[in-house]
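Biologist: Could we go through this structure together? I would like to begin with the helices.

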Amino acid sequence: MARSEKLKEMYPFDMYAFANGLTEGELTVLQNVRNFLENDMKPVVNEHWEKAEFPFEAFKGIAETGIMNSPLLFEGREGARKPSELYNAFLYFELAKVDASLATFYTVHGGLCYNTILLGGSEAQIEKYAPKIASWEWQGCFGLTEPDHGSDIAGGLATTAEKVGDKWVINGEKRWIGGASTADVLPIFARDKADGKIKCFIVKGGSPGLSVENIKHKVALRQVQNGHITLENVEVPDEDRLENVNGFKDVARILRSTRADIAHLATGMTIGATEAALKYIKERDQFGRKLSGFQLVQEKVARMQANVVATMAYSIQLANMQEQGHFLEENSALAKMHNAMRMRETVAWGREVCGGNGITLETDVARFFADGEAIYSYEGTHEINALIVGRFLTGVGAFV
Ligand SMILES: Cc1cc2nc3c(=O)[nH]c(=O)nc-3n(C[C@H](O)[C@H](O)[C@H](O)COP(=O)(O)OP(=O)(O)OC[C@H]3O[C@@H](n4cnc5c(N)ncnc54)[C@H](O)[C@@H]3O)c2cc1C
């Protein structure tokens with residue numbers, strides 16, 4: 001099959017041909033990921049969402065697709081530690097168009113944790129952790145937010161670290177930490193009591209003094225287990241303090257990369273909700289014909305598709321810039337803000353065109369609709385990302 005036909009078949013929603021830049025190797029891995037998600041995950045996501053359980057063991061099977069480390073992803077980029085940013089964007093589209101919880105679980109492991117090691121670790125620390133995270137031998141998470149400090153974490157972070165001999169002693173609490181209860185590797189951000197700087201410590205799952213309680217009764221991302229972590233005199237050897245995290249500016253460096261991931265995740269949900277709505281309106285009859293034949297319904301799905309193309313455009317151009325080494329805080333913040341806004345209205349329209357059935361899990365749009373609220377607020381709320389863009393535009397920081 002000709003490449004253009006193959007791309008059209010794989011990405012019918014990609015009207016402006018953003019997928020053209022993907023290599024054959026990347027397309028093969030993306031197809032493998034799609035097969036895994038369609039065959040092994042899609043049939044079980046609603047049931048797990050309802051039970052508020054994550055299909056943890058089954059999801060780990062995704063490692064076999066080579067999602068982070070297949071040699072096919074490194075053809076022509078030998079020596080690189082990460083696949084291309086374009087592949088990364090399309091990977092989030094694949095994950096999130098099936099389910100936002102699966103994509104979120106991936107982002108804490110393959111995005112936040114992995115990037116924290118790559119950007120915060122010394123060469124020896126990267127060698128120690130990165131390959132095992134890439135192969136999923138070790139599952140990771142990202143411990144920044146605290147019960148009393150969310151948006152103001154930069155100045156407010158209260159968890160402490162104290163150097164005692166060749167060890168660090170960590171005390172404090174973390175909240176909302178995705179995948180924390182099952183993680184082998186927990187990067188925890190804490191303030192050094194001696195110099196007041198924020199540093200990052202790799203706490204191992206099961207360490208004495210570490211306890212994790214999963215947050216219950218969520219109405220969004222119900223599958224993801226978000227942990228409330230308590231650290232009581234948890235000891236971390238000095239060799240596991242990430243050498244290149246020495247202040248909040250280094251945390252911001254990590255977030256510049258991972259906020260782009262959430263922009264891509266929002267794009268994937270926009271695609272998923274549009275696909276689910278189209279499926280429904282092509283099958284449902286009212287007034288003696290398919291919903292898809294009514295003008296008002298078509299206008300709504302046309303708007304949804306416009307959001308698909310707009311969010312893809314933000315994602316792909318941001319990915320291209322990051323591939324060339326341009327990581328600007330305001331660019332990631334703008335993409336996260338824009339794509340989450342467009343996703344939020346798209347999932348609501350998707351719910352709307354499915355009528356009453358749009359509030360049941362059977363039509364999939366209900367899950368996107370509920371989950372969209374969490375994506376809108378995590379990894380920088382709408383307001384915080386808007387304030388980052390506002391500071392760039394006006395030169396005035398208006399956070400406080
Ligand atoms: C499902 C989920 C998963 C998450 N996963 C993780 C994770 O894995 N690791 C992690 O570290 N964190 C995680 N988080 C935390 C997330 O990043 C925070 O929820 C987010 O930063 C917002 O903090 P907050 O919830 O404390 O809200 P708050 O900071 O209390 O904000 C409440 C409201 O006030 C607004 N507000 C705050 N300050 C200002 C201001 N200066 N100007 C205008 N408006 C303002 C906010 O925009 C928001 O609308 C997760 C959160 C959720 C919901």
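Biologist: Where is the kink in helix H5 centred?

Modeller: This is a predicted model. In it, H5 covers residues 100–120 and has a kink of about 35 degrees, centred on Thr-107.

Biologist: How many residues of H5 are buried?

Modeller: The count is 20 of 21, so the helix is mostly covered.

Biologist: Which residue caps the N-terminal end of H5?

Modeller: Asp-99 does. One of its side-chain oxygens lies 3.1 Å from the backbone nitrogen of Ser-101.

Biologist: Let us turn to helix packing. At what angle do the axes of H4 and H8 cross?

Modeller: Helix H4 (residues 85–98) and helix H8 (residues 248–283) cross at roughly 45 degrees, and their axes come within 7 Å. The two are therefore oblique to each other.

Biologist: Is that crossing left-handed or right-handed?

Modeller: H4 passes H8 in a right-handed crossing.

Biologist: And which residues make the contact?

Modeller: H4 contributes Asn-88, Ala-89, Tyr-92, Phe-93, Ala-96 and Lys-97. On H8, the residues involved include Asp-261, His-264, Leu-265, Gly-268 and Glu-275.

Biologist: What about H10 and H12: how far apart are their axes?

Modeller: The axes of H10 (residues 329–353) and H12 (residues 382–394) are 8 Å apart, and the helices pack at an angle of about 135 degrees. That angle makes H10 oblique to H12.

Biologist: One more pair, please. How do H2 and H11 pack?

Modeller: H2 (residues 24–51) and H11 (residues 365–377) pack at an angle of about 50 degrees, with their axes 11 Å apart. H2 passes H11 in a left-handed crossing. Val-45, Asn-46 and Trp-49 of H2 make the contact with Arg-367, Ala-370 and Asp-371 of H11.

Biologist: Changing topic, where is Asn-244 found?

Modeller: Asn-244 sits in the loop between strand E6 (226–237) and H8. Its relative accessibility is 36%, so Asn-244 counts as partly exposed.

Biologist: Which residues does Asn-244 touch, leaving aside those up to four places away in sequence?

Modeller: Asn-244 touches Leu-119, Gly-120, Gly-121, Ser-122, Asp-250 and Arg-253.

Biologist: And how far is Asn-244 from Pro-187?

Modeller: Their C-alpha atoms are separated by 13 Å, and the two residues are 57 residues apart along the chain.

Notes: Residues are numbered from 1 along each chain as its sequence is written. This is a predicted model: local features need pLDDT of at least 70, side-chain atom pairs count only at pLDDT 80 or more; totals for chains, interfaces and linings use all residues. Side-chain values use heavy atoms; hydrogens and water are left out. The bend at a residue is the angle between axes fitted to the seven residues ending there and the seven starting there. Helices (H or I, at least four residues) and strands (E, at least two) are DSSP runs, numbered from the N terminus. Buried means under 20% relative accessible area, exposed over 50%, partly exposed in between (1.4 Å probe, protein chains only). A polar contact is a pair of N or O atoms within 3.5 Å; within protein, one must be able to donate a hydrogen and the other to accept it, and residues adjacent in sequence count only if both atoms are side-chain atoms. Axes are lines fitted to C-alpha atoms, for helices over the stretch in contact, and angles run from 0 to 180 degrees between N-to-C directions. Angles under 35 degrees count as roughly parallel, over 145 as roughly antiparallel, 65 to 115 as roughly perpendicular and the rest as oblique. A crossing is left-handed if the near helix is turned anticlockwise from the far one by less than a right angle, and right-handed if clockwise. Contact means heavy atoms within 4.5 Å.
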